[in-house]
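Look at the model first.

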Amino acid sequence: MRLGGALAGGENPWVRRASAVLSWLAVLAACYLGGVAATNLAPTVAETSQYRAVLRLDPVPRHSPVLHAPTIVGDVDVQFASPLVAPGLDVQVSVREEITNLFTRPNVDIRALQPSGDEISDAVRQAAVGVGVRFLLGAGAIAVLLALAAHYIRQRTTHRHHVVFVASATAVATAVTFGGIALTYQPNRFAEYRTSGVLGVVQRNAGLLADVEARASQVTPYFRNLLAVTQALQQKYVAGNVDEPVAARLLLVSDIHGANQYALMRTIIEEEDIDAVVDSGDLVNFGRVQEGDAADIYRSIASLGVPYVFTSGNHDQSSPTDRAVVARLGRIPNVVLLEDAAGALRELSFHGLRITGFNDPRYFGDDNADPTAKARPAAERYNATLADQPEPDVVVTHEPYAAEQVERGRILVNGHMHTPSIEGNRIQVGTFTGGGVVSHYAEGSGQELDGQPYAFDIAQFGTSCELTSLTRYSFRNLLEGRPAYDSVQVISGARIDPYRPVASTVSRPGQDSPDPAKRICSRIDETSVRTLPAPDGSTGGASDGSTSAPTDAPPGRATVSP
């Protein structure tokens, strides 16, 4: 059999038969590749009520084909043993926007996220029909093109056997492809399951992420010893630091990312005589209140016993207008929001220090493009609000791109980058939890766990309101159960803080009071919160909310109403 005279192999019958077979196989391969290309150019979409899958065929048929599903936290590869040969499947699974409706309901159950058996059957049917139709259209288009080519090569003459020649190759390509798929992708053909990235870490380390708070509690003896050794070294080698009078000791943290390691934070507060915690945002991962509830974060914050000063990060809201996490934090008695859920900017007066800040305008799921431009409106609003106010001692915001646009502020504090650094008067705080359980782990050489370092800072202020020192702690492998000391660094406050207090703040003979230009900060100073007037004279729709610390509260342990 010949595909027209142009494909003839000569007069020898064996040569003609060999040529015909090779021609038919070439047409078969072309039709198969055309069908596969069609499934990639116009992939099939199958959906359930909450999930969406996009399917494409892998062009290389194998006896051990793989169903490959890439995800943002690693790839899933499921290998099958095929009785014939079958192409692999690339399946990109995503969550439909409608699933977010479930998270707004009270007492959401994980079973509500699982598709029913009928939904799965319908989705499989959608996928099979969609892939089949696209494959047939692609293979048919190639067949028609080959038939037309043969038609014109033979000077516009076509015989029935030419049509049969091309049609049979198309039919065999389709039948073998979908026969192999139908016989291969069955539960009883499963051969191997592999994952990479975070998913691989979880698979190989079952139980590793269970009860994070309990694991944090287990390592507090190690951490207590580290703190004690550090304090002893400071007393010996850091002149004029520990023995000077202290007005405030602030624990600077950032990027908790849903990991409840507040047992460690409580230890730091107790051992280091911390007066308040300053958190520059990314408390959760996906901007959902339920994530904090699931990890019991809100109860843990309430148990710290000191004010918890907060500005939100780009992971603390799910949309540009979502303020649910901020509103939930506002109901915790010891939380101080520097920008509340209504958008009002606030000033905390704490032990004589003026602390302000503003929330990150970005949100989980935005495109990450030009963060400097996205931070500009919030920074400009903050600058306009503070233009006629006393200069803040500490300004807190989440991203460095926002902090760099602040016009007035002695000391700037930000997080976001998961890496501690200092640039001029800007303190960038590392991640207190190593990025949290979602982004902490990476697969290192030899499939060993490799995590981001944990970090926090302790800022100490003297009685003249100046920053006297910044102590930076970094350590690793907390959740892995083998905590390792990384570094402790003590930095002179004069390197960071441009403020230079007057040498003497005491009354001289003949003076009734100290020089009014000389500021004095003290742990016995009243603690209060006030809403700053907006540039137009309004308060941003929020009440003042100013409160004072109870007079009988021990120094550094005041509870401040939001």
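## Arginine 426 and its partners

Arginine 426 is buried, at 6% relative accessibility. Buried means under 20% relative accessible area, exposed over 50%, and partly exposed in between (1.4 Å probe, protein chains only). Arginine 426 pairs with glutamate 404 in a salt bridge, with closest N and O atoms 3.6 Å apart. A salt bridge here puts a side-chain nitrogen of Lys or Arg within 4 Å of a carboxyl oxygen of Asp or Glu. Arginine 426 sits in strand S16 (residues 426–428) and glutamate 404 in the loop between helix H13 (400–403) and strand S14 (411–414), so the bridge ties together parts 22 residues apart in sequence. Helices (H or I, at least four residues) and strands (E, at least two) are DSSP runs, numbered from the N terminus.

Glutamate 404 is partly exposed, at 48%. Glutamate 423 also bridges to arginine 426, at 2.9 Å between the closest N and O atoms. Glutamate 423 is exposed, at 51%.

## A buried pair

Arginine 249 and glutamate 272 form a salt bridge (3.0 Å, N to O). Arginine 249 is buried, with a relative accessible area of 12%. Glutamate 272 is buried too, at 5%.

## Whole chain

The structure holds 17 salt bridges. Arg362, Asp366, Asp367, Lys374 and Glu399 are linked in a network of them. Of the 562 residues of the protein chain, 45% count as buried.

## Basis

The model is predicted: local features need pLDDT of at least 70, side-chain atom pairs count only at pLDDT 80 or more, and totals for chains, interfaces and linings use all residues. Residues are numbered from 1 along each chain as its sequence is written, and side-chain values use heavy atoms, leaving out hydrogens and water.
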